Amino acid sequence: MQLLAASDQRLEKKKIEASSYRSDMNKLHNTYCRALVLVVLGGLVSSGRSASPPKPSAEGAPRVLKIDPPNWWVGHSINPVRLLIRGRNLSDARVEPQGIGLRASNVHSNAAGSYLFMDLTIDRSSKPGRRALKVINAAGSTDFPFDVLAPLPRNGRFQGFSPDDFIYEIMPDRFSNGDPSNDNPPQSPGLLDRSKPRYYHGGDLQGIINHLSYLKHLGGTALWLTPIYDNVNHLNERERYDNQAITDYHGYGAVDFYGVEEHFGDLAKLRELVDDAHKLGIKVIQDEVANHTGPYHPWVQDPPTPTWYHGGEAAHPEETWQTWTLIDPHAPAQLRSAALDGWFINILPDLNQDDPEVERYVIQNTLWWIGIAGFDAIREDTLPYVPRRFWHNWMAAIKREYPRVNVVGEVYDGDPAMTSFFQGGKPRFDGVDSRVDTVFDFPLLYPIRRAFAEGRSLRETAVMLAHDNLYPNPSLLVTFIGNHDMPRFMNEPGASIAGLKLALTFIMTTRGVPMIYSGDEIAMPGGGDPDNRRDFPGGWSGDPHNAFEASGRTPDEETAFEYLCKLAQLRKELEPLRRGRLVDLFVGDQTCAYARLTDRQSVVVIVNNGVEGATVEFDGDPARLPNGTTLTDRLGVGPPLQVRDGKIRATLPERTASIYVKKNRLVDSSSH
């Protein structure tokens with residue numbers, strides 16, 4: 001049932017995401033002019049705007065509309081870099097780099113003459129700066145800018161995340177409007193309306209910058225941003241709800257994988273956000289999509305190669321959602337290909353990562369974003385729907401250039417056999433190790449919500465944790481109580497502030513890397529999409545109350561916020577809560593106790609999920625607590641305890657938890 005429920009939610013998510021994809025012909029009218037304007041950003045960075053589908057022509061001088069990537073680095077592990085040049089009249093064209101230190105090779109066009117592929121070698125002794133590429137055919141030539149960049153300093157960037165971290169997820173459009181000037185961009189006017197839940201609301205990168213101190217106060221150490229790719233610039237009339245067209249406010253409707261959505265800001269503002277976060281000790285995780293594009297991406301009408309997608313707009317495989325075939329050693333290739341190659345809801349074009357040019361494009365795009373913005377890690381969307389052979393190569397390229405950068409993949413499924421299959425660390429039945437660092441712990445999410453919101457048995461959580469043997473590295477699983485694709489925790493039947501506090505206690509003290517979806521720290525309500533994506537209160541001028549400030553929070557919001565702050569502080573202070581081995585001490589229907597152990601310290605967590613007070617008793621030896629040890633509750637709920645006759649006996653009020661440590665405990669000086 002968990003698997004079916006997760007699949008249903010996954011399908012619903014993709015229906016919503018798909019609805020935002022449309023072409024942007026108005027935006028593309030002036031593309032060529034915009035592409036000649038470069039952004040100065042730690043080097044000279046091309047704008048990389050997309051262009052309208054070119055019409056093949058055998059006559060006329062070459063015209064260049066777009067180049068991906070728009071720049072590259074001296075001394076990079078990928079050298080030569082593969083360029084994809086889009087334009088017109090490119091058949092039989094050649095390319096001559098202008099300026100020293102560059103060499104072109106393997107130049108060839110597609111059959112339509114609308115794309116040139118080429119390898120560009122950057123001499124390791126080259127100095128950073130502006131260059132140009134001259135594209136020449138028998139009828140003439142044109143120059144197009146290309147920048148050679150100096151790598152960003154490594155110190156304080158490209159750090160990866162670990163169990164020491166606490167991740168906070170933000171949808172930029174729904175967090176805070178820090179720059180009203182981008183609410184109605186000239187290239188995409190009329191898409192903002194806060195009264196409509198599927199329109200842009202005005203949240204942006206500047207709004208996040210303005211509230212980094214809020215995240216710091218909460219105790220967050222890593223920030224996951226949903227996609228900031230450039231999206232379509234008009235209403236999506238193709239899929240409607242309540243007879244209303246929608247927008248791509250959520251960021252999953254990319255039409256340019258090298259652009260920043262103008263409603264959010266620009267590349268310079270993104271770099272400012274990442275740099276400011278790093279100054280506060282906060283890492284930044286980029287959300288990427290490698291499985292598919294939008295249906296109106298320019299590639300759909302004009303693919304760079306005949307096999308760029310699995311099929312085309314007129315004829316293509318349809319997604320079957322049978323991801324179980326991917327882990328089944330008995331499934332024939334035909335069953336697996338339907339899951340890997342199908343177009344989501346028969347709309348989203350499925351990229352063919354078995355095409356060598358697609359593979360190189362996606363790998364280079366990932367490395368470009370990391371290198372240009374200074375990201376620390378990646379959240380990868382729709383992980384199972386891409387061949388694991390590709391993930392193996394993609395991960396190898398990431399680790400070569402950025403050894404500490406890591407990846408958490410989305411495997412939206414409640415079955416640990418499914419999710420564990422996609423975590424890297426060992427070859428599976430087909431001999432392939434995906435090498436993907438970790439995945440979200442969807443299997444644990446469901447029993448957490450059932451127990452602490454609905455009041456069901458706590459044994460389900462222990463049973464799910466028993467499946468940790470399936471994972472190569474369970475300590476790196478990302479634990480959470482909700483995200484932007486499901487109803488809020490507080491929308492669950494029976495949910496309460498007390499239950500929310502227990503759920504937060506659990507993910508902040510069990511194994512893994514805890515993640516909070518923005519708003520859960522203030523008990524924000526919200527049903528299914530898009531109600532689960534309400535604006536954060538106080539992020540807009542004129543909001544009735546401001547939850548960014550203690551004085552503006554309601555009593556329930558303040559209770560939840562301060563409780564999570566306390567948990568985050570204890571997790572930072574107590575090393576076992578981050579790095580300790582997990583040991584079950586007692587598991588009952590509505591009560592449980594477990595320890596987190598390091599060589600230096602023991603921490604015992606006791607939970608009473610029942611509606612009445614309860615007493616639990618368990619052995620102290622598995623927690624390395626000898627007779628006579630005195631324990632104090634750092635949450636201040638329970639009285640001091642003492643180990644007597646090898647036993648620990650504790651009584652907790654209804655719906656509470658305690659975090660017990662030895663009196664005069666050691667303080668972890670290595671916490672971040």
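**Close-up views of a predicted model**

Phe421 is buried, at 7% relative accessible area (buried means under 20%, exposed over 50%, partly exposed in between, with a 1.4 Å probe and protein chains only). This is a predicted model, in which local features need pLDDT of at least 70, side-chain atom pairs count only at pLDDT 80 or more, and totals for chains, interfaces and linings use all residues. Residues are numbered from 1 along each chain as its sequence is written, and side-chain values use heavy atoms, with hydrogens and water left out.

**View 1. The open sheet of 8 strands.** The strand order is E20-E19-E18-E17-E12-E11-E22-E21, with parallel pairing. E20 (438-439) and E21 (478-480) are the edge strands; each has a single partner strand, so one side of each has no neighbour in the sheet. Strands (E, at least two residues) and helices (H or I, at least four) are DSSP runs numbered from the N terminus, and two strands pair if DSSP finds at least two bridges between them. E11 (residues 167-170) pairs with E12 (residues 222-225) in the parallel sense over 4 bridges. Glu169 stands opposite Trp224 in E12.

**View 2. Aromatic pairs.** The whole structure holds 34 aromatic pairs (ring centres of Phe, Tyr and Trp, the last by its six-membered ring, within 6.5 Å; planes under 30 degrees apart are stacked, over 60 edge-to-face, the rest tilted). Trp224 and Phe440 form a tilted pair, 5.4 Å centre to centre with 35 degrees between the planes. The pair links distant parts of the chain, 216 residues apart: Trp224 lies in strand E12 and Phe440 in the loop between E20 and helix H12 (442-452). Both Trp224 and Phe440 are buried. Phe421 and Phe422 pair edge-to-face, at 5.3 Å centre to centre and 80 degrees between the planes. Phe422 is buried, with a relative accessible area of 1%.

**View 3. Arginines over tyrosine rings.** The charged end of Arg174 sits over the ring of Tyr249, 3.8 Å from its centre (for a charge over a ring, NZ of Lys or CZ of Arg is within 6 Å of the ring centre and within 35 degrees of the ring normal). The charged end of Arg198 sits over the ring of Tyr241, 3.9 Å from its centre.

**View 4. Packing of H12 and H14.** The two helices, H12 and H14, pack at about 145 degrees, with their axes 9 Å apart (axes are lines fitted to C-alpha atoms, for helices over the stretch in contact, and angles run from 0 to 180 degrees between N-to-C directions). Leu444, Ile448 and Phe452 of H12 make the contact with Gly499, Leu502, Ala503, Phe506 and Ile507 of H14 (contact means heavy atoms within 4.5 Å).
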